[in-house]
Amino acid sequence: MKTKKFETICVRGGYSPKTGEPVVPPIVASTTYRYETTEQVHELFDLSAQGYFYSRIENPTNTVVEKRVASLEGGVGAVLTSSGQAATFFAIINIAGAGDHIVAARSIYGGSVNLIQHRLSRLGISCTFIDNDSTQAQIEAAVEPNTKLIFGEVLSNPTLKVLDIATWANAAHNKNIPLIIDNTFPTPYFCRPFEFGADIVTHSATKYLDGHALQVSGIIVDSGNFNWAKAYEETGKFAEVVLPDSTYKNISYTQKFGNMAYIVKARVQLMRDIGATCSPFGAFLLQNGIQTLALRMKQHYINAFRVANFLELHDKVENVNFPALKNNKYYNVACKYLPDGCSGVLSFEVKGGRDAAGRVINALKLV
Ligand code: PLP
């Protein structure tokens with residue numbers, strides 16, 4: 001069959017009703033699922049069989065969104081979480097623990113900075129923040145023997161710096177570690193980071209994926225491309241992805257789940273032990289929102305572009321952060337990674353500092 005277009009996946013991805021089944025994915029509001037025998041449930045618990053048994057781990061409505069977003073990003077699988085923060089947290093702790101270190105771009109969402117700098121540090125995971133514009137050599141120089149991953153945002157919140165994804169991915173791969181990237185602002189409509197070498201993508205699905213400010217959620221998507229077994233062999237890192245997990249009858253995620261090892265591990269360990277699952281009601285709203293993602297992103301970008309142009313010419317505006325503007329520092333990088341547009345988000349500085357900025361915000365009639 002012909003590959004489905006992005007717009008079609010937005011509407012149909014992750015759900016193929018059979019004859020007589022509802023066209024709209026139902027909200028499966030059930031915590032548990034019925035089985036005939038204890039053996040059947042045992043098999044599910046042990047991961048020797050696949051199926052739903054408890055909605056904290058997996059739920060059919062959530063599955064629709066997970067498959068849909070994985071498909072839009074070009075990944076092999078995804079896990080929906082209760083928030084974008086939970087997605088970032090889980091994406092990191094799935095492969096990093098006490099005594100480990102990570103490298104992150106300095107300009108990223110403030111909530112991610114708090115999580116990494118103030119929360120993960122208390123759990124024993126340290127971080128070196130480096131400039132978003134670092135060269136490959138500078139990124140590699142920040143990697144230490146215990147570094148487990150590199151983290152950045154395609155478009156940084158709120159300064160709209162464009163990350164040179166291929167450079168960051170090359171640096172990560174030279175050091176045998178994955179690049180995890182937050183794709184919240186562009187969404188897969190404008191950028192598919194896996195095509196440039198990123199290994200894992202996260203989203204605050206609260207934003208554009210939902211699109212209607214109805215629910216809070218996040219998602220982690222796995223490209224399936226990072227070779228955990230090879231990295232383990234060469235560096236001894238990622239033993240927990242490769243070696244037997246005693247809490248699941250000694251299965252090895254890489255051996256049993258192949259290129260889905262990371263994302264299966266995130267689900268069956270982190271959802272089991274920590275939770276932070278998305279409710280099926282939230283997932284239902286999300287699948288509805290995603291149906292119009294392509295249309296909305298196109299229009300958001302056109303609107304933002306007009307506002308950015310207006311602001312750039314305004315004599316009371318100091319500068320505008322929007323990489324689609326020709327004068328923007330990131331224009332050329334944006335042409336590579338965001339050729340059809342970047343986002344509906346822009347930021348700008350007004351002359352006169354904080355007080356003047358406050359007056360502008362207070363005077364806005366429609367935000
Ligand atoms: N990542 C980015 C880029 C964000 O802007 C946000 C929230 O603003 C988050 C992650 C966190 O997402 P959530 O608010 O859904 O927890």
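This note walks through some local features of the structure above, point by point.

1. **Before you start.** This is a predicted model, in which local features need pLDDT of at least 70 and side-chain atom pairs count only at pLDDT 80 or more, while totals for chains, interfaces and linings use all residues. Residues are numbered from 1 along each chain as its sequence is written, and side-chain values use heavy atoms, leaving out hydrogens and water.

2. **Helix 3.** Helix 3 has 14 residues and reaches 20 Å from its first C-alpha to its last, close to the 20 Å expected at 1.5 Å a residue. The expected span is 1.5 Å times one less than the number of residues.

3. **How enclosed is helix 3?** Of its 14 residues, 11 are buried, so helix 3 is largely enclosed by the rest of the structure. Here buried means under 20% relative accessible area, exposed means over 50%, and partly exposed is in between, with a 1.4 Å probe and protein chains only. Among the buried residues of helix 3 are Val64, Val65, Val69 and Leu72, and also Glu66, Arg68 and Glu73.

4. **The two ends of helix 3.** At the start of helix 3, look for a side-chain oxygen of Asn59, which comes within 2.8 Å of the backbone nitrogen of Thr61. Just after helix 3, Gly74 has a positive phi of about 80°.

5. **More on Asn59.** Asn59 sits in the loop between helix 2 (38-45) and helix 3, and it counts as buried because its relative accessibility is 1%. The side chain of Asn59 also makes a polar contact with the side chain of Tyr33, at 3.3 Å. A polar contact is a pair of N or O atoms within 3.5 Å; within protein, one must be able to donate a hydrogen and the other to accept it, and residues adjacent in sequence count only if both atoms are side-chain atoms. Leaving aside residues up to four places away in sequence, Asn59 touches Val28, Ser30, Tyr33, Tyr52 and Pro280, where contact means heavy atoms within 4.5 Å.

6. **Another asparagine in a loop.** Asn132 is in the loop between strand 3 (126-130) and helix 6 (136-142). Is Asn132 buried or exposed? Asn132 is buried, with a relative accessible area of 4%. Its side chain reaches the backbone nitrogen of Ser107 at 2.8 Å, and a polar atom of the Asn132 side chain lies 3.3 Å from the backbone nitrogen of Arg106. Not counting residues up to four places away in sequence, the residues that Asn132 touches include Ser156, Lys161, Leu163 and Trp168.

7. **Helix 4 against helix 12.** Two packed helices are described by the angle between their axes and the distance between the axes. Helix 4 (residues 84-93) and helix 12 (residues 261-273) pack at an angle of about 110°, with axes 10 Å apart. That makes helix 4 roughly perpendicular to helix 12. Axes are lines fitted to C-alpha atoms, for helices over the stretch in contact, and angles run from 0 to 180 degrees between N-to-C directions. Angles under 35 degrees count as roughly parallel, over 145 as roughly antiparallel, 65 to 115 as roughly perpendicular and the rest as oblique.

8. **Who makes that contact?** Phe90, Ala91 and Ile93 take part from helix 4, and Tyr262, Leu270 and Met271 from helix 12. The residues of this contact divide into six nonpolar, no polar and no charged. In this grouping Ala, Val, Leu, Ile, Met, Phe, Trp, Tyr, Cys and Pro are nonpolar, Asp, Glu, Lys and Arg are charged, and the others, Gly among them, are polar.

9. **Backbone values worth a look.** Most residues other than glycine have a negative phi, and most peptide bonds are trans. Phe238, in the loop between helix 9 (228-235) and helix 10 (239-242), has a positive phi near 65° and is buried at 1% relative accessibility. Lys249, in the loop between helix 10 and helix 11 (253-257), has a positive phi near 50° and is exposed at 63% relative accessibility. The peptide bond from Asn157 to Pro158 is cis, with omega near 5°.

Methods:
Helices (H or I, at least four residues) and strands (E, at least two) are DSSP runs, numbered from the N terminus.
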